[in-house]
Amino acid sequence: MYLSILIFPLLGSFVSGLLGRKIGVTGAHIITCTCLIISSLLATLAFYEVGLCGSPVLINLSSWIDSEILSIQWEFLFDQLTVSMFIPVLYISSLIHIFSTNYMAEDPHNQRFFSYLSLFTFFMLVLVSGANYFVMFVGWEGIGVVSYLLINFWFTRIQANKAAILAFTMNRVGDMGLSIGFFALIALFGSLNYSTLFSLAPFMNSTAIDIIGLLLLSGAMAKSAQIPLHSWLPGSMEGPTPVSALIHAATLVTAGLYLLVRSSPILEYSSTALLVITLVGASTAFFAATCGLVQNDLKRIIAFSTISQLGYMVMAVGLSQYNVALMHVVNHAFFKALLFLGAGAVIHSFSDQQDVRRLGGLINFLPFTYTAMLVGTLSLLATPWLTGFYSKDLIIELAFAQYSFEGTFAFILGSLTAGLTAFYSFRLISLVFLTKPNGPKISYLHSHEASLAVIIPLFILALFSIFFGFIFSDLFVGIGSDFFGNSIFIHPNHIAMVEAEFSMDRIIKLLPSILSLFGAILAVYLYHFTPHLFFMESSITRKIYTFLNGKYLFDVIYNHYFIGRGLQLGYFVSKVLDRGVIEFIGPYGLSNTLNKTGNNISKLDTGVITTYSLYITLGLLSLVFLVFSPILLDTTIFNEIRLLIIYLATLLLLISPYKNK
């Protein structure tokens, strides 16, 4: 049963991709959706068996690498962490498959699209169920490749090409760090099995553990879009909307988080890595929220919101609250997929318009989509008793309960981010649904609610966004819950849950909610009731707007300093080193020199007897000089060389008569 969870999506992908012409578009829809739904039902059963009944499963297929002491197996581990990740990945993937049957109906390449989606799901499942870092890395690279194929799905668009290449290359940077981390693990532990590594981690050199922790973080930073490897995620909105929902909300971006949570026994013994993780997470959350304030593309606003929420999750990992981080991963997957699919429904019904300044007044045309997006937005704001509240607010409280520098830093930035999140989320709601219509009349005349294939996924995700957190919070993050068993490890010194729940001031607990409420009211007031207030009067506002709109000018710095200098270096290496020095010293230079020398020597053969007599005279003089040089010069150093030359000359003189005979 456990392997069937992985096999079904792969099967659906192969059938849809390789037999697409035989089965047709409808066949591809039916087969991929059925495979995913069966897989989801099996995953629910696995969640019950492994999670609720507490019986993890390890499946060893065969040996992969056996090299002296290094032994790597093809094996899969289904423990509480794995089955918890299965739920969002498979449920959301199934719903997005169903949503896409309607959304992509007009596209000529449906079979290819559904094949990629199912293949992506398969690789994601391999990633979360691998029992060692190598099997996990197969899934990790697989989702990287399929993400490239999906962002670049409409490959005739230059912008889609550029976005896909950017996403792929930026992830390569992280993968390089991760690969070095794996080599370090092999060097230190001689194994990549989770069980071996995590048992030995406490006994290892702390500096080595620090380095490994930071290298694992570099891999997670690229996949989970943390500063400074974040700039690929907003660009990747060029893909179709279901891709944005599946990859850049629910699954691919959580792979980095999964890596960190899975590596908890290593990270717990590295205070340096935890400190860096906290600072990176908190900074990213705040940075992305400020950038989201000024975006005008509907999907990019939600993309920056994703980066911001990923910052919260990374922050929770840095504070050693792995179970809370995972809870936020799962919660966020549901409400962010809901927001993306809602945005897709809006774009699809409004003649593919993505600019929020050209929308407006859609509450009367798309009441259900409005309701779904409102539910998603409220859950994102951590509105009390909706899904997001049970993890997002808890992360901010746990940050304060650390009573340390990084904890306070994370608390302040986390609280500010909560207010900013509320502002840009309700700015989106106001501009798209509430304000006066700003689009062309023909778009409004054709605007209508989509079919059941769109409404059902939105409805189910809305239910999850309302109830999931309430139902599962005690299981995942309740005090004293042993749901995760051995799958994550929190050092006893790092437990702050009791402190966060019971000993904090009420105003501290309420601060994020108050800021969220204030941000939401301010956004609706500014963008709905008094839109005329927002003119760029002063130069300072204009500069801030430009700075935030340019995403803190990260792209400019990368293009100018890193990519520009990299290309210059490449040109220098190619022209001067490869074509110049190496060829000059190497084969070309050697053959050329020998050729020239040969030509020069052949020129001495003139055929004039007087020239030959000159050569003979010069030769005799040289020989005489060599013989009598000790008298003329002090040549203690040259003695051996002189004798050698005399012997050689004598040898030639002796041999030449025989030759003549």
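## A tour of the rings and one buried threonine

Start by selecting Phe468: with a relative accessibility of 6%, this residue counts as buried. Keep in mind that you're looking at a predicted model.

For one of them, pick Phe113 and Phe153, an edge-to-face pair with 5.0 Å centre to centre and 70 degrees between the planes. Phe113 is in helix α4 (residues 110-129) while Phe153 is in the loop between α5 (133-151) and α6 (158-189), so this pair ties together parts 40 residues apart in sequence. Both Phe113 and Phe153 are buried.

Next, click on Arg172 and Phe168: the charged end of Arg172 sits over the Phe168 ring, 5.8 Å from its centre.

Last stop, Thr241, which you'll find in helix α10 (residues 241-250). Is Thr241 buried or exposed? Its relative accessibility is 1%, so Thr241 counts as buried. Show side chains, and you can pick out a polar contact of 3.5 Å between Thr241 and Lys299. Leaving aside residues up to four places away in sequence, Thr241 also touches others, including Tyr103, Phe340 and Ile347.

To zoom out, select residues 132-414, which an unreviewed UniProt entry lists as "domain: NADH:quinone oxidoreductase/Mrp antiporter transmembrane". That stretch is 75% helix and 0% strand, with its end C-alpha atoms 33 Å apart.

Key: Residues are numbered from 1 along each chain as its sequence is written. This is a predicted model: local features need pLDDT of at least 70, side-chain atom pairs count only at pLDDT 80 or more; totals for chains, interfaces and linings use all residues. Side-chain values use heavy atoms; hydrogens and water are left out. Helices (H or I, at least four residues) and strands (E, at least two) are DSSP runs, numbered from the N terminus. Buried means under 20% relative accessible area, exposed over 50%, partly exposed in between (1.4 Å probe, protein chains only). A polar contact is a pair of N or O atoms within 3.5 Å; within protein, one must be able to donate a hydrogen and the other to accept it, and residues adjacent in sequence count only if both atoms are side-chain atoms. Contact means heavy atoms within 4.5 Å. UniProt positions are given in the numbering used here, feature names are shortened, and annotations may be inferred rather than shown by experiment. Rings of Phe, Tyr and Trp (its six-membered ring) pair if their centres lie within 6.5 Å; planes under 30 degrees apart count as stacked, over 60 as edge-to-face and the rest as tilted. A charge sits over a ring if NZ of Lys or CZ of Arg is within 6 Å of the ring centre and within 35 degrees of the ring normal.
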